[in-house]
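Here are my notes on the helix packing in this model. Please read them with the coordinates open.

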Amino acid sequence: MKCLYSQLARLPAAYVLVALLLLLAHATTAGAQPLPNQSPHKTEGAATCASSLCHGAINTWQESNVMQNEYVTWSRLDKHARAYNVLRNEKSKRIAINLGLREPAHEAKICIDCHAHNVPAARHGEKFKITDNITCEACHGPAEKWIRSHVAPGASHENNIADGMYPTNDAVARAKLCLSCHFGNKDKLVTHRIMGAGHPRMSFDLDSFTEMAPKHFVLDRDYGERKRVWDGIKVWAIGQALAVSETIDILNDDKRGRDGIFPELVLFDCHACHRPMAERRLQSTTPLGAVATPGLVRLNDANMLMLRVIARAIEPALGERVTSNTLALHRAVAGDGDIKQTATAMKSLANEIVVRINVTKVDNKLIQAIALGLVDDGINGAYRDYAAAEQAALAIASVGQFMAKQGALKSAAAFNTEWKRLNAVLQDDEKFKPQEFAARMRGLRLTLTR
């Protein structure tokens with residue numbers, strides 16, 4: 001498949017469609033394995049990885065092609081290593097009470113599904129402990145079938161994947177895994193009801209969060225020979241596309257997409273309702289130009305707005321398709337059109353864009369087109385909703401960081417200064433002013449052009 005990615009641009013036109021279909025099949029089934037919490041294999045427990053001769057060394061091993069201190073990095077520096085412990089604090093106890101749960105938060109499935117590696121008892125290995133938090137196997141997959149073979153002479157990454165290791169090095173598979181907790185899916189979701197009980201609002205950007213996490217691997221030549229190395233722009237773009245896809249799955253789910261007689265409100269713009277009733281903020285049109293409907297809760301289209309920028313940079317006509325599909329989805333939500341049919345069309349388009357991202361060469365021209373697209377949309381008022389502005393700011397940070405590494409910024413220091421000024425507008429969602437956000441975008445734009 002890696003070979004197919006690199007050779008697609010050289011294929012005769014007659015074969016391009018077939019190649020794209022093959023890539024689409026790969027992208028939409030990336031990591032044929034189920035997510036780690038759904039794997040049929042047993043979870044052996046974090047202690048299995050903790051030996052100083054395995055991944056528990058204090059210092060890196062110079063003669064090894066992996067660092068060997070991965071367990072120490074996780075346990076000391078990674079917030080995932082404390083995700084379960086959070087469920088015992090006073091805030092979590094209050095949320096559980098507000099939700100009317102029969103169990104405390106640290107025992108309730110609705111909480112530990114994301115705050116721990118929660119798998120059925122039949123899949124607990126000897127050293128499994130729910131109190132281990134989000135462990136190695138929560139990301140890399142239950143180790144029952146590969147714990148011994150992955151250190152055998154001649155073992156390869158492909159062998160490990162075949163034995164049940166989850167392919168976190170694949171950007172599509174990683175996005176699906178991270179989004180399953182940090183965004184949600186049909187199986188687990190921070191619902192509007194959970195947020196109403198006191199849980200923080202969820203926001204997520206795959207590349208930004210990946211960069212912020214403490215590293216337990218080195219993207220050196222050896223890594224590249226064993227696994228595919230993804231650049232930050234593609235990781236960010238794939239995360240946005242799959243967030244749209246997951247949104248559609250939830251929206252189309254007759255059970256998960258509803259809460260009693262209401263739709264699942266977590267899919268909609270929070271601040272369409274959560275603002276003073278005396279405030280008059282009704283626009284005659286939505287950011288994409290659709291006629292706004294007074295009194296209607298707007299679908300949260302933040303990831304769709306990011307997807308539009310990505311698609312437009314790849315090919316203008318592709319960007320127009322995202323715009324028209326998003327508008328059609330807004331109309332369908334308002335009652336003008338078949339919601340399931342329209343939503344399914346958007347999901348198909350998002351998955352198609354994942355394919356296009358994979359086969360598109362990331363060069364300075366593409367990077368600048370994405371960066372300027374994000375900023376110009378902001379200047380033109382596309383990010384009137386707080387969620388969209390927040391997503392745009394995270395995206396611009398990811399793209400700007402990548403541009404700095406490529407030497408494509410006039411001044412990285414000037415960019416960082418202007419981005420901090422932009423981000424300052426987002427510090428209080430209840431005081432967010434779209435006009436001020438757009439104005440800050442103008443200063444940021446000057447740092448993106450030479």
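**Notes on packing around H17**

1. Start with helix H12 (residues 232-252) and H17: their axes come within 9 Å and cross at roughly 160°. Axes are lines fitted to C-alpha atoms, for helices over the stretch in contact, and angles run from 0 to 180 degrees between N-to-C directions. H12 and H17 are therefore roughly antiparallel (angles over 145 degrees). Their crossing is left-handed, meaning that the near helix is turned anticlockwise from the far one by less than a right angle. Helices are DSSP runs (H or I, at least four residues), numbered from the N terminus.

2. On the H12 side, the residues are Gly232, Ile233, Trp236 and Gln240; they meet Gln391, Ala395, Val399 and Phe402 in H17. Contact means heavy atoms within 4.5 Å. This contact divides into five nonpolar, three polar and no charged residues. Ala, Val, Leu, Ile, Met, Phe, Trp, Tyr, Cys and Pro count as nonpolar, Asp, Glu, Lys and Arg as charged, and the others, Gly among them, as polar.

3. The model is predicted: local features need pLDDT of at least 70, side-chain atom pairs count only at pLDDT 80 or more, and totals for chains, interfaces and linings use all residues. Residues are numbered from 1 along each chain as its sequence is written, and side-chain values use heavy atoms, with hydrogens and water left out.

4. H16 packs on H17 at about 150°, with the axes 10 Å apart. That makes H16 roughly antiparallel to H17. This crossing is left-handed. Ile367, Ile370, Ala371, Leu374 and Val375 in H16 meet Ala395, Ile396, Val399, Phe402 and Met403 in H17. The class count is 10 nonpolar, no polar and no charged residues.

5. What about H17 (residues 386-405) and H18 (residues 412-424)? Their axes come within 11 Å and cross at roughly 175°. H17 and H18 are therefore roughly antiparallel. H17 contributes Ala393, Ile396, Ala397, Gly400 and Ala404; H18 contributes Ala412, Phe415, Trp419 and Leu422. Eight of these residues are nonpolar, one is polar and none is charged.

6. The chain's mean pLDDT (the predictor's confidence in each residue, from 0 to 100) is 88, and 89% of residues reach 70 or more. Over residues 1-24, pLDDT stays under 50, and the model has 28 contacts beyond four places in sequence for them. Residues 27-31 are also below 50. Where pLDDT is low, the predicted coordinates should not be read in detail.

Methods:
Helices (H or I, at least four residues) and strands (E, at least two) are DSSP runs, numbered from the N terminus. Angles under 35 degrees count as roughly parallel, over 145 as roughly antiparallel, 65 to 115 as roughly perpendicular and the rest as oblique.
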